[in-house]
Amino acid sequence: GYSLGANVVVKCLGELGDAAMSMYNVRGAAVMGAPFDQERNIRCVDAPGFNRAVYGGNFLKSMKKKAQDQLDTFCDGDPDTSLFD
(Lines give C-alpha, C1' and ligand atoms only; values in the text may rest on other atoms or scores of the structure.)
Protein backbone atom coordinates (compact mmCIF):
# COMPACT_ATOMS: atom_id res chain seq x y z
CA GLY A 1 0.00 0.00 0.00
CA TYR A 2 1.01 3.61 -0.52
CA SER A 3 -0.09 6.73 1.36
CA LEU A 4 -3.66 6.33 2.61
CA GLY A 5 -3.73 2.76 1.28
CA ALA A 6 -0.65 2.04 3.37
CA ASN A 7 -2.44 3.29 6.45
CA VAL A 8 -5.40 1.01 5.69
CA VAL A 9 -3.13 -2.02 5.17
CA VAL A 10 -1.26 -1.47 8.44
CA LYS A 11 -4.49 -0.94 10.39
CA CYS A 12 -6.17 -4.00 8.87
CA LEU A 13 -3.23 -6.32 9.45
CA GLY A 14 -2.83 -4.98 12.99
CA GLU A 15 -6.46 -5.73 13.75
CA LEU A 16 -6.39 -9.16 12.10
CA GLY A 17 -3.12 -10.24 13.70
CA ASP A 18 -2.43 -13.95 13.14
CA ALA A 19 -5.89 -14.36 11.60
CA ALA A 20 -4.62 -12.58 8.45
CA MET A 21 -2.70 -15.73 7.55
CA SER A 22 -5.36 -18.29 8.47
CA MET A 23 -8.30 -16.36 7.02
CA TYR A 24 -6.75 -14.70 3.94
CA ASN A 25 -3.35 -16.39 3.46
CA VAL A 26 -1.64 -13.01 3.99
CA ARG A 27 1.83 -13.59 5.38
CA GLY A 28 3.14 -10.03 5.19
CA ALA A 29 2.78 -6.67 3.51
CA ALA A 30 4.86 -3.77 2.30
CA VAL A 31 3.78 -0.19 2.80
CA MET A 32 5.28 3.14 1.85
CA GLY A 33 4.44 6.65 2.94
CA ALA A 34 1.83 5.73 5.53
CA PRO A 35 0.45 8.92 7.12
CA PHE A 36 0.58 7.77 10.74
CA ASP A 37 -0.38 11.17 12.15
CA GLN A 38 -3.72 11.82 10.43
CA GLU A 39 -4.43 15.06 12.32
CA ARG A 40 -1.15 16.59 11.19
CA ASN A 41 -1.62 15.22 7.68
CA ILE A 42 -5.07 16.76 7.21
CA ARG A 43 -3.84 20.14 8.48
CA CYS A 44 -1.17 20.13 5.77
CA VAL A 45 -3.56 19.02 3.01
CA ASP A 46 -6.27 21.46 4.10
CA ALA A 47 -3.98 24.48 4.59
CA PRO A 48 -4.38 27.33 2.09
CA GLY A 49 -2.13 27.06 -0.94
CA PHE A 50 -1.11 24.42 -3.44
CA ASN A 51 -2.02 21.32 -1.42
CA ARG A 52 -5.54 22.50 -0.77
CA ALA A 53 -6.15 23.84 -4.27
CA VAL A 54 -4.74 20.92 -6.21
CA TYR A 55 -4.20 17.85 -4.07
CA GLY A 56 -7.10 18.14 -1.61
CA GLY A 57 -9.84 18.63 -4.19
CA ASN A 58 -8.56 16.01 -6.62
CA PHE A 59 -7.92 13.54 -3.82
CA LEU A 60 -11.45 13.85 -2.46
CA LYS A 61 -13.03 13.67 -5.92
CA SER A 62 -11.08 10.55 -6.89
CA MET A 63 -11.68 8.93 -3.48
CA LYS A 64 -15.45 9.45 -3.76
CA LYS A 65 -15.44 7.86 -7.23
CA LYS A 66 -13.37 4.89 -6.07
CA ALA A 67 -15.56 4.39 -3.00
CA GLN A 68 -18.71 4.48 -5.15
CA ASP A 69 -17.18 1.99 -7.60
CA GLN A 70 -16.38 -0.38 -4.73
CA LEU A 71 -19.87 0.04 -3.27
CA ASP A 72 -21.43 -0.69 -6.66
CA THR A 73 -19.18 -3.70 -7.28
CA PHE A 74 -19.39 -5.42 -3.91
CA CYS A 75 -22.62 -4.13 -2.32
CA ASP A 76 -24.98 -3.54 -5.25
CA GLY A 77 -24.67 0.20 -4.56
CA ASP A 78 -26.34 -0.10 -1.12
CA PRO A 79 -24.78 2.52 1.20
CA ASP A 80 -26.50 0.88 4.19
CA THR A 81 -24.79 -2.47 3.65
CA SER A 82 -23.66 -4.41 6.70
CA LEU A 83 -20.97 -6.29 4.76
CA PHE A 84 -18.19 -4.27 6.38
CA ASP A 85 -19.49 -4.28 9.95
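Which helix supplies the largest share of the lining of the largest pocket?

## Basis of the model

This is a predicted model, in which local features need pLDDT of at least 70 and side-chain atom pairs count only at pLDDT 80 or more, while totals for chains, interfaces and linings use all residues. Residues are numbered from 1 along each chain as its sequence is written, and side-chain values use heavy atoms, with hydrogens and water left out.

## The largest pocket

The largest share of the lining, five residues, comes from helix 3; helices here are DSSP runs (H or I, at least four residues), numbered from the N terminus. Helix 3 and helix 4 each contribute at least two residues to this lining.

The largest pocket has a volume of about 310 Å³, and of its 13 lining residues the closest to the centre are N41, I42, V45, Y55 and F59. A pocket is an open set of points, on a 1 Å grid over the protein atoms alone, where a 1.4 Å probe fits and with protein on both sides within 12 Å along at least five of seven lines; lining residues have an atom within 4 Å of a point. The volume is the space filled by probe spheres set on the points, which are joined across faces, edges and corners. By residue class, the lining divides into seven nonpolar, five polar and one charged, where Ala, Val, Leu, Ile, Met, Phe, Trp, Tyr, Cys and Pro count as nonpolar, Asp, Glu, Lys and Arg as charged, and the others, Gly among them, as polar.

## Helix 4 and its bend

Helix 4 covers residues 50–75, and its 26 residues should span 38 Å at 1.5 Å a residue, which agrees with the 36 Å between its end C-alpha atoms; the expected span is 1.5 Å times one less than the number of residues. At G56 helix 4 bends by about 30 degrees, the bend being the angle between axes fitted to the seven residues ending there and the seven starting there.

G56, L71 and C75 are buried in helix 4 (under 20% relative accessible area with a 1.4 Å probe, protein chains only; exposed means over 50%, and partly exposed lies in between). The buried residues of helix 4 pack against helix 3 (38–46), with contact meaning heavy atoms within 4.5 Å.

## Positive phi outside glycine

D76, in the segment after helix 4, has a positive phi near 50 degrees although it is a residue other than glycine, and D76 is exposed, with a relative accessible area of 76%. N25, in the loop between helix 2 (19–24) and helix 3, is not a glycine either and has a positive phi of about 60 degrees; N25 is exposed, at 51% relative accessible area.
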